[in-house]
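These are my notebook entries on a structure I went through, kept in the order in which I looked things up.

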Amino acid sequence: MQIVTFTRSTPDTAARVEVGSDGKITWGGASTVVNPWDEYALEEAIVQAKNIGGKATVIAIGPEMHSEALKHSLAMGLDEAVRIEDPALDPVDGLSYAAAAAAAVNKLEDVKLVLFGKEAVDVGTDQHTVMIARKLGFPLLTSVSKILAIDTAAGTIQVERTLEGGKQVVTSSLPVVISVTKEINEPRYPSFIGIRKASKATIPVWSLADLGVSLPVRRTVVNAYSNLPPRSVEVEMIDGEPAVQAKLLVDRLLEEKVL
Amino acid sequence: MTVLVWIETEGGKAKPTSWEAVGAGKLIADGFGVGVTAVVLGENAAGVAQEALKFGASSALACDDPTLTTYRFEAYAPILSKLVADRSPKALVAVATAAGRELAAAVAADTDSAILSEVVELSVADGQVVATRPVYAGKLLSQAASTGEGTVCVTIRARAFKAPAEGAASGSVETIPAVLAEDSIRTKVVSFEAEAGTVNLTDAAIIISGGRGMANNPKDAPAGVENAEIWKAQDAFANVLQPLADVLGGAIGASRAAVDAGYISYAHQVGQTGKTVSPDLYIACAISGAIQHQAGMRTSKVIVAINKDAEAPIFKMARYGLVGDVFQIVPALTAELKARLGK
C-alpha cells in the first residue's frame, strides 16, 4: 500500500519575484522552498503511511530545480521520491500536468491516497488537484482539515472538511484524491540525519515514455508574464489628535464613496 | 452555440457573486456573438434559473434532483461535463469559489478543454479567450489564452467583474436530468456543522484587518488568564476592531503574524498563505505590511493604514495613512462613523 503526494519548488515566500527585461521570471538570489502549501500534505503523507502500514512517495513534475523540494521531502521522512521530466512537459499546462501525474500514480502500486497541498503558489491555482482526480477516476475531497479514519480493509476513508460555512464530515471509497488545508497538522522540520540522508539520495527521473502516456493536445498557453502595475496612489498622511484624524479620514472616505 | 455560466446556489438561492459570472460570461459571449445560458443545479434550480434570465442570461438550464440538494462535487461535475460534451459551448464560466474552481477544473479534465483559472480580466481576440490572472501569490500577472477550437473553462475572481443590472426576463428555462444516481456516487456527507460568525472575506466590500500589534491592547488581562498576550489581542479583535466592522458592515481580516500567534483563526488570514481579497475599503490596523500580506490585499480600491511606526511598509501602498495608536484611533473612528452614518 502506498500514499502518494506531489510537490514542487517555489521561490521563497519572502522573495521579491519580478519579470526581467527578457520577459523571464526571476527572484534575485533568493532560494527556493517547498511550495508552502505542500508541507502539510507531506506531513500528512508521512503520518498516514505509518497509520496504514504503507509507504509514502513524493513526486515532482518539472526540471532539476524541483529536486530541491523532493530532497526536502525525503529529509522530512518521505520514503521515496520521483521526478518526472520530459521536453514535452516544458512548458506544462494543466491538462498535460494532470495526464503525466495520473500516469505516474497508475505506475505506482496499490495507491490508496493521493495528497495535495491547497494550491501551487507559483502557478497560482489548485486546478491540477481536481484534474488528476478526474484523470484517475478517483473521488476528490478538497479542503480536508482532518483525516478521521482510514479503513484499508473496507476500502473507506472518513474526513472532516472545512468549508466556508462550517465543517463537513464525509466518507469516500479508496483510492481517493485529497487536498489538505493548513489546519490539518503542524509540519515537522527535517532532522539533521534526514537532511544528510536526503543529500545522498539519487532521485529517479521518469520520462513520458517511462510512464507510457501521450499528452492531450495543448489547449492553454501563457503569452507573457508581467509585473504588477504600480499602485498609482500617493499616500496622504492624516495627522492630528485621534478624534481629528478620525473626522478627517471619514471626510475622505465619504468623498471616495467607499462607505 | 453559447456560453454556459454556472450559477452557484446556497439554500436554494443564488450566491450574490454568481451574477458576476454572468457579467464575465457576457464579455466572452459578445466576443463570439452568442448568448449566455445559465446553468442552475440543486434546490430551487428552476426558480433561480428564472432569476438568471433577469440578470442577462438569454436562456437557462435547471436540474433539481435529490442527489443535488446540497453541493457535492461528485454529483455536480458530470452534469456540467455532459453539457459541455453535448453542446460544445464556447466557454463555461463560474466564480472562483471553492466549488466553482473544482467544477471548472473537472470539466476541463473530463472534456480535455482549455482552462483559465481565477482570472481578473477577460477578452476575446482572434477567436481565442484571453485572460489576465495573478500568479506567484499575486506578485506577478500572467497573460494566458486558449488555443484551438473547443470550450474554455474559466473561473473569475470574486469582485473582479461587474454583475449585469437586473432587468426584465426574456428567454426560457429548460429542465435537464442528473447524470449520476446516488448508488454510483462514492462520496457521502455524514454531517455538517455550521459555524457561527464565519467570514466570507473574498466577498466583503469592506475589510478591517488587525496585525501583531493587536496585543498592545492597553486593557489588562483578568487574573488567572494563562496567556495575557493572546487574551489582549483576542479582546482587541473582538472589542476594538469588531465594533468598527459592525458599523461599516465589514468583515474582519488578519495578518499571518496575528494568526500564527494565535490571536484569531486562520479563516481570517489575508495574504500569500491566506485569502486574496479585493474590497472597496481595506483598513489595516497595526499591520506592518510584509510582502506576504501585500500580495493578498494590494488590489483593494482604497487602503487605509493605521500604525504607530511611520516607517512601516504598509504606508507605501496606502491611500490614507494615520500614524498613531490603533487603540485610540480605531475607537475614535468608530464613534465618528456612528455619528456621521447615523447608526
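Predicted model: local features only at pLDDT ≥ 70, side-chain atom pairs only at ≥ 80, totals over all residues.

Entry on salt bridges. With that criterion I searched the whole structure and found 28 salt bridges over all chains. I looked up A:Glu43 and found that it forms a salt bridge with A:Arg188, the closest N and O atoms being 2.9 Å apart. This pair links distant parts of the chain, since A:Glu43 belongs to helix H1 (residues 38–52) of chain A and A:Arg188 to the loop between strand S12 (176–180) and helix H5 (192–200), 145 residues apart.

Next I turned to A:Lys135, which forms a salt bridge with B:Asp112, with 2.6 Å between the closest N and O atoms. This pair crosses between chains, from helix H4 (residues 127–136) of chain A to the loop between helix H4 (98–111) and strand S7 (114–119) of chain B. A:Lys135 is partly exposed at 30% relative accessibility, and B:Asp112 is partly exposed at 31%.

B:Glu336 is buried with a relative accessible area of 17%, while B:Arg340 is partly exposed with 35%. I also recorded one network in which salt bridges that share partners join A:Asp126, B:Arg101, B:Glu118 and B:Arg157.

Entry on aromatic rings. My count came to six aromatic pairs over all chains. One of them is the tilted pair of B:Trp6 and B:Tyr71, at 6.1 Å centre to centre and 45° between the planes. This pair also links distant parts of its chain, with B:Trp6 in strand S1 (residues 2–6) and B:Tyr71 in the loop between strand S5 (59–63) and helix H3 (73–87) of chain B, 65 residues apart. B:Trp6 counts as buried at 4% relative accessibility, whereas B:Tyr71 counts as partly exposed at 24%. B:Tyr71 also pairs edge-to-face with B:Tyr76, at 4.9 Å centre to centre and 75° between the planes, and B:Tyr76 is buried at 2%. I therefore wrote down B:Trp6, B:Tyr71 and B:Tyr76 as one aromatic cluster.

I then looked for charges over rings, and found the charged end of A:Lys118 over the ring of A:Trp37, 4.5 Å from its centre, and A:Lys107 over the face of A:Trp206, 5.0 Å from the ring centre.

Entry on strand S6 of chain B. Which way do the side chains of S6(B) point? I found B:Ala91, B:Val93 and B:Val95 pointing one way and B:Leu92 and B:Ala94 the other way, and all are buried. In a regular strand, side chains alternate between the two faces of the sheet. S6(B) pairs in the parallel sense with S1(B) over three bridges, where B:Val5 stands opposite B:Val93. S6(B) also pairs in the parallel sense with strand S11 (residues 152–156) of chain B over five bridges, and there B:Thr155 is the bridge partner of B:Ala94.

Notes: Residues numbered from 1 in each chain as written. Chains lettered and ligands numbered in written order. Heavy atoms only, no water. Phe/Tyr/Trp six-rings, centres within 6.5 Å; stacked < 30°, edge-to-face > 60°. Helix = DSSP H or I, 4+ residues; strand = E, 2+ residues; numbered from the N terminus. Buried < 20%, exposed > 50% of the residue type's maximum accessible area, 1.4 Å probe, protein only. Lys NZ or Arg CZ within 6 Å of the ring centre and 35° of its normal. Pairing = 2+ DSSP bridges. Salt bridge = Lys/Arg side-chain N within 4 Å of Asp/Glu carboxyl O.
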